[in-house]
Amino acid sequence: APKAIIAPSILSADFAQLGADCARTMDQGADWLHVDIMDGHFVPNITFGAPVVAKIRKHVDKPAAGLGRGTFDCHMMIAEPKKWVKEFQKAGCDLYCFHYEAAFSSAAESPEAAATDAKTNPKDLVRYIHGLGLLAGVALKPATGVEVLTELLESPDPKERPDMVLIMTVEPGFGGQKFMASELPKVQALRQKYPDLNIEVDGGLGPGTIDQAADAGANVIVAGSAVFGARDPAEVISLLRTTVDS
Ligand code: DX5
Ligand code: ZN
């Protein structure tokens, strides 16, 4: 499996001093920042948008290339993911991770209808994100099975293949929820089929749950409350990393 990437979720930071909190988390050993974008529609909560991302970008060095240190991993919990790619690219987002469930835009009545509509299917969205020079991620809510990703992950065209898959281990919307171990078979199934895939887990991760997630094969670890609520965040980040890499 690929090496550990630790991505603290700034949802648990102090929004009144977000820039300083982001810089400090990087100093404490984070690889990426996980940036949760919620629109109050796809999920029952609202965070912030591209203008805030542009402001905090200045507090963290841009990655030199690829999935390097300082990557802004934007987790788009929004109903119209295609609409905001350009805006977030301009703001300094590096990896645009949309929800599979939202990729079928409101223009299409159903996933079946959307699959035939080149403008609204997930494949076209991955291609569009790549075309704007960003890395692409696809996120799955607990109710969505991994089989929906086969076509994307096995596309003969690399422009259609996501750079990362995010398996939610809570219902998206809030930090500090209980880890759902029931989602780990999805991680296992993906790891078995795709040894080199970046597989991210998000929700309820921390010292008490990292063993299970690492065993299942996850390598990109999001942690919000476990990092920002820790007495010693650097120690937690290092523990998460060691567990994945050992
Ligand atoms: C939840 C967000 C998560 C959240 C995780 O919808 O996607 O990134 O911040 O928070 P913890 O680690 O506290 O469960
Ligand atoms: Zn998230």
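## Exercises on a predicted model

In this predicted model, helix α1 is followed by G29, whose phi is positive, near 110 degrees.

**Exercise 1.** Determine how many helices and strands the protein chain has, and why its overall form can be called as compact as a globular protein of its length.

*Solution.* 
Step 1. The secondary structure consists of 11 helices and 8 strands.
Step 2. The C-alpha trace spans about 50 × 40 × 35 Å along its principal axes.
Step 3. Of the 246 residues, 54% count as buried. Among contacts with a separation of 6 or more, 69% join residues 24 or more positions apart.

**Exercise 2.** Identify the buried residues of helix α1, explain why they lie on the same side, and name the elements against which they pack.

*Solution.* 
Step 1. Helix α1 covers residues 18-27, and its buried residues are L18, G19, D21, C22, T25 and M26.
Step 2. Around the axis these residues cover an arc of only 165 degrees, which places them on the same side of α1.
Step 3. The general rule is that an α-helix has 3.6 residues a turn, so residues three or four places apart point the same way.
Step 4. The packing partners of the buried residues are the strands β1 (5-8) and β2 (32-38), together with the helices α2 (50-57), α10 (225-228) and α11 (233-245).

**Exercise 3.** Is R24 buried, partly exposed or exposed, and how far is R24 from P233 in sequence and in space?

*Solution.* 
Step 1. R24 belongs to helix α1.
Step 2. The relative accessible area of R24 is 41%. Buried means under 20% and exposed over 50%, so R24 is partly exposed.
Step 3. In sequence, R24 and P233 are 209 residues apart, whereas their C-alpha atoms are 9.8 Å apart in space.

**Exercise 4.** Find how many cavities of 30 Å³ or more the structure has, and describe the lining of the largest cavity.

*Solution.* 
Step 1. Searching the whole structure gives 1 cavity of 30 Å³ or more.
Step 2. The volume of the largest cavity is about 220 Å³.
Step 3. This cavity is lined by 25 residues, of which F174, G175, G176, D202 and G203 are the closest to its centre.
Step 4. The elements β2, β3 (71-77), β8 (220-223) and α10 each give two or more residues to the lining.
Step 5. By type, the lining residues divide into 11 nonpolar, 11 polar and 3 charged.

Note on methods: Residues numbered from 1 in each chain as written. Chains lettered and ligands numbered in written order. Predicted model: local features only at pLDDT ≥ 70, side-chain atom pairs only at ≥ 80, totals over all residues. Heavy atoms only, no water. Buried < 20%, exposed > 50% of the residue type's maximum accessible area, 1.4 Å probe, protein only. Helix = DSSP H or I, 4+ residues; strand = E, 2+ residues; numbered from the N terminus. Arc of directions from axis to C-beta. Contact = heavy atoms within 4.5 Å. 1 Å grid on protein atoms, 1.4 Å probe; cavity = no way out; pocket = protein on both sides within 12 Å on 5 of 7 lines; lining within 4 Å. Points joined across faces, edges and corners; volume = space filled by probe spheres on them. Nonpolar A, V, L, I, M, F, W, Y, C, P; charged D, E, K, R; others polar. Rg over C-alpha atoms; globule rule 2.2 N^0.38 Å.
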